[in-house]
Amino acid sequence: MDLKIVILGPPGSGKGTQTERLCAELGFTKISTGDLLREAVRTGTPLGVKAKGFMDAGKLVPNELVMDLIKEKLKSVKGPVILDGFPRNLEQAEMLDKITKIDMAIDLEVNEDKLVKRLTLRRTCKDCNSVFHLEFNPPKVAGKCDKCGGELFQRSDDIERTVRERLRVYKESTLPLTNYYTKKGILKMIEGEGDIGAIYQRIVKAIKTK
Ligand code: ADP
Ligand code: ADP
Ligand code: ZN
């Protein structure tokens, strides 16, 4: 059976970092609404034009815009899937349950005081979306992606003021999802602090015992 997993956790908890490795090593396909939205903003599609203001303000993009993206993507992928950054609120989770069956929800737990530093020193590859950290996970060559050689940039929402708003929005809208998936009996809490490889091993173990 092809697993469908959602990965939860606050901004900066390591969702993108861990998902990247699950895709490279276990054959998952990533669907990241954040990546898809940033691409839409970059290329100036009608969706991108509508989404930009919300993203720059650290707010969630309206559900109907994101749902269309997800529906389209889910139709086009085969094999095991990991949803990164979706769902972000109860309404999205309920809509997702209407279109597919989710097997597992992983919740990466990281203390809030760690998140601001993780996010403000994050650097992202403009070509493949890989993430690095200037101090905790620096690229081998400054400013260049280890995976594809692409140029690294700082996301416009990774500045302290916007980060704090994103953390507030997370607590208000996304955190309640841990309850939602606990009630369904599919939530796995994973300690998200410490060595990136050790966290990855905890996630793999949770997936393999599923
Ligand atoms: P998310 O997708 O949940 O927002 P990311 O995977 O982009 O989080 O990680 C946020 C930042 O923290 C990145 O700069 C990443 O390199 C760094 N990071 C990820 N995991 C760890 C970890 N275990 N310890 C320290 N820094 C980490
Ligand atoms: P992070 O990995 O740091 O948590 P994301 O890349 O997932 O950030 O999201 C960046 C921004 O894109 C969010 O602040 C929000 O504006 C928008 N976004 C991403 N996913 C969703 C979603 N499922 N619903 C609404 N907005 C979203
Ligand atoms: Zn790259």
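**Close-up 1. Cys 128 and Cys 145 at the zinc ion (ligand 3) in the predicted model.** With a relative accessibility of 30%, Cys 128 counts as partly exposed, whereas Cys 145 is buried, its relative accessible area being 4%; the two fall into separate classes because buried means under 20% relative accessible area. Along the sequence the donor residues follow the spacing C-x2-C-x16-C-x2-C.

**Close-up 2. The surroundings of ligand 2 in the predicted model.** Ligand 2 is surrounded by 19 residues, of which the closest are Thr 33, Arg 38, Lys 59, Gln 92 and Arg 166. By class, this shell consists of seven nonpolar, four polar and eight charged residues, and helix α2 (residues 33–43) gives the most to it, with four residues. A polar side-chain atom of Thr 33 is placed 2.8 Å from a nitrogen atom of ligand 2, while a polar side-chain atom of Arg 122 lies 2.9 Å from an oxygen atom of the ligand. The side chain of Lys 15 has an N or O atom 3.5 Å from an oxygen atom of ligand 2. Taken alone, ligand 2 exposes 560 Å², and the protein buries 96% of that area.

**Close-up 3. The surroundings of ligand 1 in the predicted model.** Around ligand 1 there are 18 residues, the closest being Gly 12, Lys 15, Thr 17, Arg 122 and Phe 132; the shell divides into seven nonpolar, eight polar and three charged residues. Oxygen atoms of ligand 1 take part in a contact of 2.8 Å with a polar side-chain atom of Lys 15 and in one of 2.7 Å with a polar backbone atom of Phe 132, whereas a nitrogen atom of ligand 1 is 2.8 Å from a polar backbone atom of Gly 194. On its own ligand 1 has 560 Å² of accessible area, 93% of which the protein covers. Two or more residues of the shell come from each of the elements α1 (15–26), β6 and α9 (196–208).

Technical notes. Residues are numbered from 1 along each chain as its sequence is written. Chains are lettered from A and ligands numbered from 1 in the order in which they are written. This is a predicted model: local features need pLDDT of at least 70, side-chain atom pairs count only at pLDDT 80 or more; totals for chains, interfaces and linings use all residues. Side-chain values use heavy atoms; hydrogens and water are left out. Donors are N, O and S atoms within 2.8 Å of the metal (3.2 Å for Na, K and Ca); water is not among the atoms, so sites may look incomplete. Buried means under 20% relative accessible area, exposed over 50%, partly exposed in between (1.4 Å probe, protein chains only). A residue is near a molecule or strand if one of its heavy atoms lies within 4 Å of it. A polar contact is a pair of N or O atoms within 3.5 Å; within protein, one must be able to donate a hydrogen and the other to accept it, and residues adjacent in sequence count only if both atoms are side-chain atoms. Accessible areas come from the Shrake-Rupley method with a 1.4 Å probe; for residues, only the protein chains shown count as cover. Ala, Val, Leu, Ile, Met, Phe, Trp, Tyr, Cys and Pro count as nonpolar, Asp, Glu, Lys and Arg as charged, and the others, Gly among them, as polar.
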